[in-house]
Amino acid sequence: MAEDTRQDKRASFSAITEHNTNGMARTSALASSKSGASKKLVIKNFKDRPKLAENYTEDTWLKLRDAVGAIQNSTSIKYNLEELYQAVENLCSYKVSPTLYKQLRQVCEDHVQAQIKQFREESLDNLSFLKRMNRCWQDHCRQTIMIRSIFLFLDRTYVLQNSLLPSIWDTGLELFRTHIVSDGAVQKRTVDGILEQIELERNGETVDRSLIRSLLGMLSDLQVYKDSFEERFLTETNRLYAAEGQRLTQERDVPEYLHHVAHRLEEENDRIMSYLDQSTQKPLISCVEKQLLGEHITAMLQKGLGTLLDGNRATELALLYQLFSKVKGGLPTLLQFWRDYIKSFGGEIVCTPEKDKDMVQDLLDFKDKMDNVAQSCFTRNEGFINAMKEAFETFINKRPNKPAELIAKYVDSKLRAGNKEATEEELERILDKIMIIFRFIHGKDVFEAFYKKDLAKRLLVGKSASVDAEKSMLSKLKHECGAAFTSKLEGMFKDMELSKDIMIQFKQYIQNQSEPSNIELTVNILTMGYWPSYIPMEVHLPPEMVKLQEVFKLFYLGKHSGRKLQWQPTLGHAVLKAEFKEGKKELQVSLFQTLVLLMFNEGEEFSMEEIRTATGIEEEELRRTLQSLACGKARVLNKNPRGKDVEDGDRFNFNNDFKHKLFRIKINQIQMKETVEEQVSTTERVFQDRQYQIDAAVVRIMKMRKTLSHNLLVSELYNQLKFPVKPGDLKKRIESLIDRDYMERDKETPNQYHYVA
């Protein structure tokens with residue numbers, strides 16, 4: 001206690017005695033301060049260290065050993081845990097820690113060694129053995145935790161300060177590992193039991209997952225998981241799935257097998273999540289993928305890829321891609337098989353003449369299907385998309401010229417009037433798809449020739465569905481092939497526009513004539529270089545038509561001197577007014593049909609020979625014309641004898657009983673149909689144009705290089721020419737140019753050419 005004496009401003013302090021919990025007293029002296037000086041607190045040590053009571057160490061250890069024994073035997077502890085903790089602290093304070101640590105370790109070791117006996121029983125089945133092992137492990141862990149809580153002071157002072165000594169928990173693990181788990185027989189039985197349980201689960205049986213999880217956790221904690229369990233587990237897994245893969249690839253079809261593999265991988269991933277160590281994940285999944293997928297990649301693709309693609313099995317294809325992407329070499333092999341499938345399937349479409357009628361539609365459908373597979377199943381993998389393009393380009397050019405011709409005809413069918421299949425938006429989509437197929441074609445000049453011929457018919461016969469659609473297609477072609485490709489096609493449209501303006505002027509000119517005609521004439525002025533070439537045909541026109549032609553000729557040449565007009569009757573058409581018993585009708589007919597029908601104003605019946613003499617129409621063309629009038633849907637003429645074909649002796653008369661629900665009837669569809677002669681002449685014209693292009697390219701190259709070897713010249717030609725050509729054809733053109741003195745062979749080296757200026 002301190003008393004404050006204000007008079008002399010001095011404080012006196014009595015000694016304070018502190019009582020410690022272990023019964024020993026510690027005295028602290030507080031020094032009195034001098035007047036006016038700062039106060040100081042001085043703490044001094046005991047003069048003599050208090051001594052432990054006699055036999056204190058032995059008695060305390062006996063007490064602690066009893067407590068440890070009670071914990072190990074799961075009986076009640078006689079002493080208060082706090083009292084035991086304090087006893088350990090007291091012993092540690094008096095340097096008894098090394099002895100205490102050794103004694104504790106010995107007691108624990110004796111106990112663990114005694115536990116091994118329960119695992120020697122042979123009568124135990126594997127599951128009972130695992131349960132006993134798990135119980136022993138759980139008890140050991142619980143006991144070690146309790147023992148450590150009593151000896152915590154020892155663990156946190158002496159053990160912590162000695163880095164070479166394992167902690168009490170680590171000592172417990174070490175003892176269990178050394179005396180129980182490292183025992184060869186015990187370890188083998190434990191691992192055998194765990195593997196047996198896992199195999200049962202893989203075979204579809206239910207097992208105690210918490211038991212397996214606990215035992216594998218034990219092996220992991222004891223740091224023997226990898227050596228004792230994982231290696232054997234992976235070996236067994238490898239063996240199991242190798243056998244399963246061999247068996248199931250034979251027994252099951254590919255879709256079913258793929259689902260099985262996916263299910264197996266899901267199961268193994270679930271095992272990793274449930275009880276296996278995370279370190280096992282990579283080797284385990286790798287093992288399953290290798291045995292169920294990697295070993296059977298080629299066999300699976302040979303057996304099932306074609307079936308999956310034919311059946312458009314999107315789910316299984318996506319699964320196939322997903323699984324193969326995990327296996328080394330999976331995707332490159334799939335890519336190769338996918339490319340081969342496209343070449344094979346597409347080659348069948350292109351190289352089967354019987355399928356020519358549907359070739360383009362089949363190609364478009366096939367391309368859509370493959371696009372869908374690449375997009376939705378193969379995750380838009382660029383490699384697969386490029387392989388598809390390469391495969392399409394390969395197979396579509398296996399058969400030269402025909403695909404290009406048929407694509408042009410397909411476009412014609414879509415752009416022709418009367419095509420009610422598609423709206424403008426749908427038509428635009430179809431044209432876009434056609435352009436994708438068109439890109440793959442090497443011989444684009446064949447397409448151009450047939451497209452130009454069909455476009456001419458659509459424009460001249462007035463059968464184009466939509467000018468906007470025509471111009472849209474033209475702009476697509478221009479974008480794809482350049483302005484040179486479409487310059488003539490654009491010229492055709494310009495001619496049609498100019499012709500409209502000329503006809504407005506001609507009608508005004510006619511009105512100013514003294515003798516107006518009762519026939520309304522429309523003329524299309526075509527620039528010869530833009531349009532397909534037509535074979536001139538001299539036909540016998542009625543005098544009224546001839547007179548009108550002369551009037552137009554005077555009018556046109558009066559405006560454009562120096563030009564020459566050549567009349568082309570092939571694509572001319574007219575509207576005739578006809579009277580039948582049923583009443584008046586208007587017939588939309590070709591010019592040749594017009595000439596034939598007008599004859600029946602002069603007589604009742606004519607033979608084929610008489611009609612040919614009167615009209616001047618060429619025999620094959622006349623047969624087609626008469627067939628369309630007497631054997632088609634609208635039979636305005638009767639043929640004797642009846643039949644589908646027109647023979648030399650047939651006679652024709654006007655069908656006065658003709659009936660039709662429409663007032664205006666179109667009979668001139670014949671003009672839009674392509675004849676065999678037309679098809680052959682178009683193909684020949686393309687061939688001729690190609691020869692000119694080869695000649696021009698050879699001369700151009702030789703003029704620039706002056707001297708060149710045959711191989712280099714051929715190589716340069718392949719780079720410049722935009723259509724497929726055989727080496728033999730090139731050689732013929734080179735020989736032709738040598739004969740015409742454009743170039744010459746080297747006298748010493750025949751394989752060398754010189755340009756002749």
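The model is predicted: local features need pLDDT of at least 70, side-chain atom pairs count only at pLDDT 80 or more, and totals for chains, interfaces and linings use all residues. Residues are numbered from 1 along each chain as its sequence is written, and side-chain values use heavy atoms, with hydrogens and water left out.

Start with the sheet. Strands of a sheet pair through backbone hydrogen bonds, either parallel or antiparallel. Here 3 strands form an open sheet in the order 11-13-12, with antiparallel pairing. Strand 11 (707-709) and strand 12 (743-745) are the edges, each pairing on one side only. Neighbouring strands are turned by 25 degrees against each other on average, direction ignored. Two strands pair if DSSP finds at least two bridges between them. Strand 12 and strand 13 (residues 752-755) are joined by 3 bridges. Met743 has Tyr755 of strand 13 as its bridge partner.

Helices (H or I, at least four residues) and strands (E, at least two) are DSSP runs, numbered from the N terminus. Helix 28 (residues 710-720) packs on the sheet and touches strand 11, strand 12 and strand 13. Helix 29 (residues 727-739) also packs on the sheet, touching strand 12 and strand 13.

Turn to Asn653, in strand 9 (residues 651-654). Beyond its neighbours within four places in sequence, Asn653 is in contact (heavy atoms within 4.5 Å) with residues including Phe600, Leu637 and Asn640.

Technical notes. Axes fitted to C-alpha atoms, helices over the stretch in contact; angles between N-to-C directions.
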